[in-house]
Amino acid sequence: MSDSCTSARNAFGSYLQAADGRGSHAALHTHLAGCPGCRAAWNHYRWDHAADSALLEELQDFLGADYTPYRDSSAELAATWRRADPQTPDEVAAFFRSSTAYLYNLIIWQASGNRPDYCAAAVPILRAQKVRTVVGYGCGIGNDTVPLLDAGFTVTGCDYDSPSTRFLRWRLRRHGHDAVVAEPAALPCDATYDALWTIDTLDHLPDIDAALGPLLQRVRLVVCENLAVQRGVSGKIPPPPPRRGHRRDVHPLRVASAARPHRRDGDDLDPCRIYGSRT
Ligand SMILES: [Zn+2]
């Protein structure tokens, strides 16, 4: 192990909880991309930090004998994505519908404390804006859907049927929630929601306008991650290149006319952005 490996591993703790994601850890990020040994150590580190979490306990109960501790879901996701090389929206959808690595990845991201607490950042604003109904587009395992339900919001989950949403449905029953989790194509086309919640999803949509355009007409607030902040480690699915040369975090606003971000102090490091007309 070289000196650079030692310093990389010494930085895992601050990297796990860095408010600005990759921003302050560019050297570590680059090192991880090129050092399989440190990538494996980082995977181990995240699992160790998730060890006592309720979420990991739920995964064990859900998977039973299939549960694989220390599965390196980031490496596996990258490898399976490269192998599948999905080119069309249908191929991308097929990838997410079948990926068990993604189930593990979403769990470790959350359970290790690596995932920002989007709900803590957004819920006070949603409450101030009198939001009651939320559609969680790309809800995955329910990292936000379940806490939002627990907080009293009426949430409709939306994602491809997949290992992740099968786990979410199991979690909802366990938590006593009867929320619906719908396939994107099965969302009622006349339903309205106070807020669209779409976190860690925009980068996975081959065509944001096609996926979200109609829905954006039927919500008054949009919550997405702060895309000016880079997060995660290499090995995640690479995002498509930005289009039209402007910041992708304003993209949903092209459709939601008259929408503007709700600004707060320290806004630049906020994990999420909330757009909409003020009430
Ligand atoms: Zn290394």
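1. (A residue is buried if 20 or more other C-beta atoms lie within 10 Å of its own, exposed if 12 or fewer, and partly exposed in between; the C-beta atoms are placed from the backbone.) Asp-200 sits in the loop between strand E4 (195-198) and helix H12 (208-216). Its phi is positive, about 60 degrees, although Asp-200 is not a glycine. Helices (H or I, at least four residues) and strands (E, at least two) are DSSP runs, numbered from the N terminus.

2. A word on what we are looking at: this is a predicted model, in which local features need pLDDT of at least 70 and side-chain atom pairs count only at pLDDT 80 or more, while totals for chains, interfaces and linings use all residues. Residue numbers run from 1 along each chain as its sequence is written.

3. Please also look at Tyr-70, in the loop between helix H5 (54-63) and helix H6 (73-84). Tyr-70 has a phi near 65 degrees, a positive value in a residue other than glycine. With 13 other C-beta atoms within 10 Å, Tyr-70 is partly exposed.

4. Now the overall picture. The protein has 13 helices and seven strands. Of its 279 residues, 37% count as buried. Among contacts with a separation of 6 or more, 70% are between residues 24 or more positions apart. Two residues are in contact if their C-beta atoms, placed from the backbone, lie within 7 Å.

5. The largest nonpolar core holds 53 residues, of which Val-134, Ala-195, Leu-196 and Val-223 touch the most other members. Helix H8 (residues 100-111) supplies the largest share of this core, nine residues. Another core, of six residues, lies apart from it and includes Leu-28, Leu-32, Cys-38 and Trp-42. A nonpolar core here is a set of buried Ala, Val, Leu, Ile, Met, Phe, Trp, Tyr and Cys residues joined through C-beta atoms within 7 Å.

6. Leaving aside neighbours within four places in sequence, Val-134 is in contact with Leu-148, Phe-153, Val-155, Tyr-193, Asp-194, Ala-195 and Trp-197.

7. Next, the helix pairs. Two packed helices are described by the angle between their axes and the distance between the axes. Axes are lines fitted to C-alpha atoms, for helices over the stretch in contact, and angles run from 0 to 180 degrees between N-to-C directions. The axes of H8 and H11 come within 7 Å and cross at roughly 55 degrees, which makes H8 oblique to H11. (Angles under 35 degrees count as roughly parallel, over 145 as roughly antiparallel, 65 to 115 as roughly perpendicular and the rest as oblique.) Thr-100, Tyr-102, Leu-103 and Leu-106 of H8 meet Pro-163, Ser-164 and Phe-167 of H11. By class, this contact of H8 with H11 has five nonpolar, two polar and no charged residues. Ala, Val, Leu, Ile, Met, Phe, Trp, Tyr, Cys and Pro count as nonpolar, Asp, Glu, Lys and Arg as charged, and the others, Gly among them, as polar.

8. Ser-164 is buried, with 26 other C-beta atoms within 10 Å. Not counting residues up to four places away in sequence, Ser-164 touches Tyr-102, Leu-103, Leu-106, Gly-140, Ile-141 and Asp-159. Ser-164 and Tyr-102 are 62 residues apart in sequence, yet 7.2 Å apart in space, C-alpha to C-alpha.

9. H8 has a further partner in H5: their axes come within 9 Å and cross at roughly 155 degrees. H5 and H8 are therefore roughly antiparallel to each other. Here Leu-55, Leu-56 and Leu-59 in H5 meet Ile-107, Gln-110 and Ala-111 in H8. The contact of H5 with H8 has five nonpolar, one polar and no charged residues.

10. Finally, helix H1 (residues 3-10) packs with helix H4 (residues 36-50) at an angle of about 20 degrees, with their axes 10 Å apart. That makes H1 roughly parallel to H4. Cys-5, Ala-8 and Arg-9 of H1 and Gly-37, Cys-38 and Ala-41 of H4 make the contact. These residues divide into four nonpolar, one polar and one charged.
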